[in-house]
Amino acid sequence: MTGFAEGNRAGWNLIAPRRDGIAVERFRAGEVTLADFERELAGDVTGRRVVQLACSYGDLTAFARMVAARLRPGGAVLLCDHHPAWEVLAVREPGRLAVAGDYFGRGRPNRQQDDAKRPEGARGQAGAPELSMFVWPVSDVVMALTGAGLRLDAFREAPEPALYAGLGDTAGALPAYYVIKASKH
């Protein structure tokens, strides 16, 4: 995985200045960038330690164990990610889907670079870096978290029609993201 990690790190560093961000001072002043459903699942975090983990790669089991090891009893992890179905489906022409990746690819990178799947800062950019994206079936993520000793508290899948641009009214019938809340006891 080291080669993929180094390539992705270089790619993310290239696109980082093009991404909209939020200054630390605005967070400290109380600004929130979470969607309503994320805030609802997170609950009140006043006085609690919070860490954001982004784009972990490689061994999903090791990732889940690392998260579980860092949680205090009663602590929880809130994982929100693009649904792997979205990762492998692509709108190639108005109203039609195509399979553009392997849902069960697990540790194999999905190198297809459908512009809609590229991160913000790379979409629509000539010469955008090629990133190695990994797709993990939702069942693998759930089993890794529970296998690490965490209790599954909530699981939701939801559409986001804008992520299936060009599909029309049927875009709301497909999963675009999922959210898992798991806690340590």
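**A walk through the predicted chain**

Helices (H or I, at least four residues) and strands (E, at least two) are DSSP runs, numbered from the N terminus. The chain averages a pLDDT of 85, and 94% of the residues score at least 70.

This is a predicted model, in which local features need pLDDT of at least 70 and side-chain atom pairs count only at pLDDT 80 or more, while totals for chains, interfaces and linings use all residues. Residues are numbered from 1 along each chain as its sequence is written, and side-chain values use heavy atoms, with hydrogens and water left out.

Now find strand β7, residues 177–183. Six of its seven residues are buried. Buried means under 20% relative accessible area, exposed over 50%, and partly exposed in between (1.4 Å probe, protein chains only).

Which strands pair with β7? Strand β1 (residues 76–82) does, antiparallel, over seven bridges. There V77 stands opposite A182 of β7. Strand β6 (residues 151–158) also runs antiparallel to β7, joined by seven bridges. In that pairing, E157 stands opposite Y178 of β7. Two strands pair if DSSP finds at least two bridges between them. In a regular strand, side chains alternate between the two faces of the sheet.

Next, go to helix α1, residues 2–15, which holds N8. Why does N8 count as buried? Because its relative accessibility is 14%. Leaving aside residues up to four places away in sequence, N8 touches L131 and S132. Contact means heavy atoms within 4.5 Å.

How values were computed
pLDDT is the predictor's confidence in each residue, from 0 to 100.
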